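I recorded what I looked up and what I found.

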Amino acid sequence: MEAIAKPLPRVTPELAPFFEAAKARKLVVQRCASCGRLRFPPRELCSHCWSRDAEWVPVSGRGEVFSFYWMHQIYHPGFAAEVPYPVVIVALEEGPHVLSNIVGCAREQLRIGLPVEVTFEDASDEVTLPKFRPRG
Ligand SMILES: [Zn+2]
């Protein structure tokens, strides 16, 4: 039986810099060009100073698991073979939180506060997905 492809994020003009960086194995977040605060996911307005000016800046890719859950629901047949799989919210060292998956992590190893680092998975020619793995 042929595997059903997973749906991939759409590379919109707003997200293009993020996916270009991921392809080059770099994790980037937005920085407000006015007050300097970092944010992710990207937004049109800074929630602190309301500036519309922002730039993309690289971050370390290191952080810790802020929260996680095990996905048991099959929302798309492309994920059927993998349930239950872990979904994590990673608090980056620089502050922003990133929703992603963790790889190379045993079920009993996954916990809040687990140190992690980014890793990259080429999902298609266009889309590389930042994921996280245990660090150290
Ligand atoms: Zn700002």
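**Strands and cysteines**

I began with strand E4 (residues 62–71), which pairs with E5 in the antiparallel sense over eight bridges. I kept in mind that the model is predicted. Within this pairing, I found Glu-64 opposite Ala-91 in E5.

I then asked how many residues of strand E5 (residues 85–92) are buried. Seven of its eight residues are buried, and I therefore noted E5 as mostly covered, buried meaning under 20% relative accessible area.

Next I followed E5 to strand E6 (residues 97–101); five bridges join the two, which run antiparallel. Here Val-88 stands opposite Ser-100 in E6. E5 and E6 form a hairpin with four residues between them. In the turn I noted Gly-95, which has a positive phi of about 120°.

I turned to the open sheet, where three strands lie in the order E2-E1-E3 with antiparallel pairing. Which strands stand at the edges? They are E2 (38–39) and E3 (54–58); each has a single partner strand, so one side of each is left without a neighbour in the sheet. I looked up the link between strand E1 (residues 28–32) and E2 and found two bridges. Gln-30 has Arg-39 in E2 as its bridge partner.

Lastly, I checked the cysteines. Is Cys-32 buried or exposed? Cys-32 is buried, because its relative accessible area of 2% is under 20%. Cys-46 is also buried, with a relative accessible area of 2%. I recorded zero disulfides in the structure.

Terms used. Residues are numbered from 1 along each chain as its sequence is written. This is a predicted model: local features need pLDDT of at least 70, side-chain atom pairs count only at pLDDT 80 or more; totals for chains, interfaces and linings use all residues. Side-chain values use heavy atoms; hydrogens and water are left out. A disulfide is a pair of cysteine sulfur atoms within 2.5 Å. Buried means under 20% relative accessible area, exposed over 50%, partly exposed in between (1.4 Å probe, protein chains only). Two strands pair if DSSP finds at least two bridges between them.
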